[in-house]
Amino acid sequence: MNEQTQDANREDGNDASAPVIRIRGLANRFGSLVVHENLDLDVHRGEILGLVGGSGTGKSVLMRTILGLRQAQAGTIELFGQATGAGHRQQLERRTGVLFQDGALFSSLTVRENVEVPFKTHMPGMGGKLRGQLADLKISMAGLPSHAGDKLPSELSGGMRKRAGLARALAIDPELLFLDEPTAGLDPIGAAAFDELLQTLSRALGLTVFLITHDLDTLYAICDRVGVLAESRVLTIGPLPEVEQHEHEWVQQYFHGPRARAAQAGQQRSQD
Amino acid sequence: MTRPYLTDDPDSDGCLLARGDWRLEAMDNGRQVPALPEGNFSRVDATGIEKLDSAGALLLLDCLRSAGVGRNELEVDPTHQALVDTVARAMESDEPDHAPGLGGLTMVLDHIGSATRTMVSNLLQLIGFLGQTLVALATTLVRPGRLRLTSVVHHMEQTGFNALPLVALLSFLVGAVIAFLGATVLRAFGAEVFVVDLTTYAFLREFGVLLTAILLAGRTASAFTAQIGTMKSREEIDAMRTLGLDPVELLVLPRLIALLIMLPVLTVVAMIAGLAGGLVVSVTALDIGAEMYFNRMYEMMELQHYLVGLIKAPIFAFVIALVGCLEGLKVEGTAQSVGERTTSAVVQSITLVIIIDAMAAVFFMEIGW
């Protein structure tokens with residue numbers, strides 16, 4: 001059903017089967033520290049890709065590089081079949097949404113004003129009433145109560161800030177959503193609710209999601225494919241059962257530790 | 001892209017047809033939204049919608065609502081069903097309950113009221129904090145071993161020694177400016193030599209200490225607030241309390257004592273630098289030689305002028321240290337709060353310094369010093 005939605009919804013002259021993100025030979029270095037070397041990655045349309053990796057393996061650096069917040073030393077990045085470069089920025093910004101780790105809401109604006117920012121930048125002619133209505137819709141879709149719209153980010157809890165950040169990221173119906181550790185710092189109930197929300201929204205809106213996470217439950221619950229970042233590249237990528245079998249030491253420890261077993265068991269229970 | 005539109009179905013009675021591309025892009029970015037045609041409708045056929053985004057779904061459901069058609073009477077393409085369901089669910093939970101906003105004048109009054117209350121509570125808090133600090137100071141006097149000497153010396157370097165060039169330079173320049181200014185006025189009376197009196201008076205009694213205090217209020221009070229505020233926002237202060245440590249004794253006292261020692265020292269430096277500035281101008285630009293300058297200075301310089309200036313230094317040190325530390329302790333969580341508190345610390349300490357200085361000037365005039 002997901003695929004159909006995309007085909008019906010998107011055309012834009014792009015081949016629907018082409019990867020949304022296509023990275024080839026990417027290299028990122030900080031001085032003598034090599035973070036990425038010869039990194040290849042494809043993210044397909046409509047999938048939720050989870051990216052895992054130990055601390056310092058450059059998950060966030062990779063996301064920042066794809067978003068153009070950081071210049072890579074080598075390699076090519078294509079988004080929606082177009083090479084990223086200065087010429088396409090505006091168009092790409094309109095088709096992508098980003099949720100940073102702590103929401104990254106503008107602290108001087110209320111939640112509603114935060115969600116209205118993308119409309120104001122990308123659709124300047126829109127009337128105030130419709131904009132307010134849409135902002136309220138997104139706030140509500142992100143699972144926040146309607147009175148949260150009038151609050152300042154500093155008045156919200158961490159989980160609510162993340163939801164508000166998600167509302168802003170979803171504001172103009174992006175095709176591609178970047179999430180940096182969306183469930184970090186949330187309690188298990190809040191994290192599970194967030195997972196469910198993501199899954200519902202990505203199905204309903206036909207989203208492609210690039211998700212950085214440490215949360216094993218999230219991986220088991222919602223990710224279509226999982227990529228492991230290690231040794232400066234994408235070590236292995238594929239559906240979870242395949243990735244789990246990889247013999248690399250870190251992968252073994254990560255997917256076969258006590259927490260992973262618990263997450264697996266939890267997922268099986270919820271499916272039964 | 002075909003524009004989205006709504007039309008009366010010619011083939012079926014009471015059926016509304018939704019057609020076209022229902023995305024924001026197709027609506028000229030929300031400038032042209034589909035209008036509801038006249039008539040009574042009992043159901044809506046939206047299967048003809050080619051493309052739909054969440055804004056389109058919102059508008060469609062809005063039209064449904066204003067046409068008085070139930071959700072069950074809406075027929076959409078299966079590929080759009082999930083989106084319409086999600087948006088509909090979000091809209092249901094979204095009962096608009098905005099609190100009525102305050103009107104123009106009421107808002108102004110509201111602001112004035114809350115600003116006044118903040119001012120009063122700031123003052124009360126400052127007095128309370130002064131008491132708290134004095135208690136800690138007295139405890140330390142009884143048991144001097146508890147004083148963190150390293151910390152005191154560190155802050156003496158930070159707030160005093162490192163500020164020395166700045167204080168000296170600015171005082172020198174202000175001294176020169178005052179000499180120039182005095183000469184311009186006094187020349188008309190042929191009394192240029194009184195420039196020396198003016199500079200000496202000004203720097204011993206007022207400017208030496210006032211300049212230093214204002215500089216330190218900007219430089220040190222803000223630093224205290226930022227340091228303690230950052231610690232507060234990282235819960236370091238709470239950690240101290242749970243470990244049985246007193247933040248006032250640990251953080252406030254060393255800063256206060258350092259400033260109590262260094263502000264008078266800097267004041268003396270400022271006095272000397274200001275007089276030097278006057279001297280340089282007198283010698284180079286006016287017809288007053290160095291010898292005459294010194295003679296005149298010795299003649300009219302009395303100890304009481306020096307004391308009038310210097311006696312204010314510890315008071316200003318108290319104000320700057322207490323305001324800086326208290327504002328730091330008031331920080332709540334966010335980085336924005338640190339910024340706000342820092343601004344507030346500088347504004348408050350400079351204001352208080354000038355007010356106290358003005359009151360002191362009146363007092364010393366009354367007692368004839």
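Visitor: How far apart are the mean positions of the positive and negative charges of chain B?

Guide: In this predicted model, the mean positions of the 24 positive and 39 negative charges of chain B are 9 Å apart. Lys and Arg count as positive, and Asp and Glu as negative.

Visitor: What is found for the centres of the positive and negative side chains of chain A?

Guide: Chain A carries 27 positive and 33 negative side chains, and the centres of these two sets are separated by 5 Å.

Visitor: How many helices and strands does chain A have?

Guide: Chain A contains eleven helices and ten strands.

Visitor: What radius of gyration does chain B have, and what would a compact globule of 369 residues have?

Guide: Chain B has a radius of gyration of 36 Å, whereas a compact globule of 369 residues would have one near 21 Å. The box filled by the C-alpha atoms of chain B, taken along the principal axes, is roughly 110 × 60 × 35 Å.

Visitor: Into which domains is chain B divided?

Guide: Chain B is divided into domain 1, covering 5-92, and domain 2, covering 132-366. The C-alpha centres of domain 1 of chain B and domain 2 of chain B are 70 Å apart. The secondary structure of chain B consists of twelve helices and four strands.

Visitor: What makes a residue of chain A count as buried, and what percentage of the 272 residues is buried?

Guide: A residue is called buried when its relative accessible area is under 20%. In chain A, 53% of the 272 residues are buried. In chain B, buried residues make up 45% of the 369 residues.

Visitor: What share of the accessible surface of chain B belongs to carbon and sulfur atoms?

Guide: The accessible surface of chain B is about 18700 Å², and 64% of it belongs to carbon and sulfur atoms. For chain A, the accessible surface is about 11600 Å², with 49% belonging to carbon and sulfur atoms.

How values were computed: Residues are numbered from 1 along each chain as its sequence is written. Chains are lettered from A and ligands numbered from 1 in the order in which they are written. This is a predicted model: local features need pLDDT of at least 70, side-chain atom pairs count only at pLDDT 80 or more; totals for chains, interfaces and linings use all residues. Side-chain values use heavy atoms; hydrogens and water are left out. Helices (H or I, at least four residues) and strands (E, at least two) are DSSP runs, numbered from the N terminus. Buried means under 20% relative accessible area, exposed over 50%, partly exposed in between (1.4 Å probe, protein chains only). Accessible areas come from the Shrake-Rupley method with a 1.4 Å probe; for residues, only the protein chains shown count as cover. The place of a charge is taken as NZ of Lys, CZ of Arg, CG of Asp or CD of Glu. Domain bounds come from an automatic or database domain assignment. The radius of gyration is taken over C-alpha atoms; the globule rule is 2.2 Å times the number of residues to the power 0.38.
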